[in-house]
Number of protein chains: 2
Amino acid sequence: MTTQENPQKGFFLTIEGIEGVGKSTALKFIQDYLTQANKNFIVTREPGGTPIAEQIRQVLLTPNSAETMIPETELLLMFACRVQHIHQVILPALAAGKWVVSDRYSDASFAYQGGGRGIDVSRIEMLEKWLLQDLRPDLTLLLDAPAQIGLERAKHRGPQDRIEQEKMAFFERVRRGYLDRMQQDKKRFRLIDATQPLENVRTTLKRILDAINQQ
Amino acid sequence: MTTQENPQKGFFLTIEGIEGVGKSTALKFIQDYLTQANKNFIVTREPGGTPIAEQIRQVLLTPNSAETMIPETELLLMFACRVQHIHQVILPALAAGKWVVSDRYSDASFAYQGGGRGIDVSRIEMLEKWLLQDLRPDLTLLLDAPAQIGLERAKHRGPQDRIEQEKMAFFERVRRGYLDRMQQDKKRFRLIDATQPLENVRTTLKRILDAINQQ
């Protein structure tokens, strides 16, 4: 399903990282870059990306004071969104030769539900193997910063969703979950130090995109 | 978690069957029986049974003309509901010594997503083993009738939900899914012929409930 196997097809790029590391700014930069390079692309996000998946996103992210969401419920809802997103959006776009740029994908489940919630990684691997089959990103940009820095930046954004309301220790475990996940698949990841000045992050992004573009 | 293991705890009774086989009437009869017998009980349903699970139920059952729900998405949403329902409702009630009467439980996933949608039963068993652990019903009443009879009865009920809108062949596969599932765990199931006159069904239900009550 990936361009490694089908060089004539699209390119699947994902952006990962905890709150406040600058994913939105990076996405905007990538979008501008691809527009200027005259690429055919779509930008999408998880959880969400289709009408049904956006409905599930609401269930996932709406704070609910009356009831605690069980970690396994959260994991299953994330994969329910993902399956819908893959079949309705990602696969058709890649098959049409487009770039697909997704704000988060399955690495986020390893980080958030694995690292953050403590669900055994082997369970997440089992879901991934069954439901995603061969569809892995061609490249994943991991924007990394200590949770304290991310949360400090994110707190000026207005109302927080259910997951954003978690505490610092949770986001440190999520960050660690991302870094552990990267160790399993180093070739696919580009680690970007998100504590750098924005200009340096942009230079790094440009270098990475130029390299893909020249392939 | 079941009363077989903890005889002093509650009793977990589930009712299964396709549309129109009389589950609601049977539930009402059971509720009246348990009230008269002075039992401490709750009646609940799947998908649903908690505020979060009811939100997921909406996503599952609302007809959506713009997008087809992928079978695996449906299965994951069902189990997301179920996990929430088990931890928030079923386990606490059983631990408190109550009867739990549930309108559908995991057998419905074998019937609807397995038989109906064609998802490999081994996938459903994997989810069940992981997420339900030892929690199986003490007894399951399977109300059985040919799909044609069930649908004929159900069609007078007003607007149909997304799953009820399926065609006859789908419900015949669901019925077959239930019967196949029963073969795997005969001791737990009581098969009730739902084509009988209502009075006979009631007599059968009473005999079953009397037997449990006298244990």
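The model is predicted: local features need pLDDT of at least 70, side-chain atom pairs count only at pLDDT 80 or more, and totals for chains, interfaces and linings use all residues. Residues are numbered from 1 along each chain as its sequence is written, chains are lettered from A and ligands numbered from 1 in the order in which they are written, and side-chain values use heavy atoms, without hydrogens and water.

A turn of 180° with a shift of 0.0 Å along the axis gives an RMSD of 0.0 Å. The two copies are thus related as by a two-fold rotation axis. Leu76(A) is the residue of chain A that comes closest to this axis, with its C-alpha at 2.8 Å.

Contact means heavy atoms within 4.5 Å. In these terms, 27 residues of chain A touch 27 residues of chain B. The copies meet through the same surface, because 100% of the interface residues of chain A are also interface residues in chain B. The two chains bury about 2,700 Å² between them, 72% of it on carbon and sulfur atoms. Buried area is the accessible area (1.4 Å probe) that two parts lose on being put together, summed over both. Glu67(A), Leu76(A) and Trp130(A) supply 27% of the area that chain A buries against chain B, more than any other three residues.

Polar contacts join 13 residue pairs between the chains, both residues at pLDDT 80 or more. A polar contact is a pair of N or O atoms within 3.5 Å; within protein, one must be able to donate a hydrogen and the other to accept it, and residues adjacent in sequence count only if both atoms are side-chain atoms.

Helix 5 of chain A spans 121–131 (helices are DSSP runs of H or I, at least four residues, and strands runs of E, at least two, numbered from the N terminus). Its buried residues include Glu128(A) and Trp130(A) (buried means under 20% relative accessible area, 1.4 Å probe, protein chains only).

Ser106(A) lies in the loop between strand 3 (99–103) and helix 4 of chain A. At 1% relative accessibility, Ser106(A) is buried. Its side chain makes a polar contact of 3.2 Å with that of Glu128(A).

Conventions:
Copies are superposed by least squares on the C-alpha atoms of residues with pLDDT of at least 70 in both. Buried means under 20% relative accessible area, exposed over 50%, partly exposed in between (1.4 Å probe, protein chains only).
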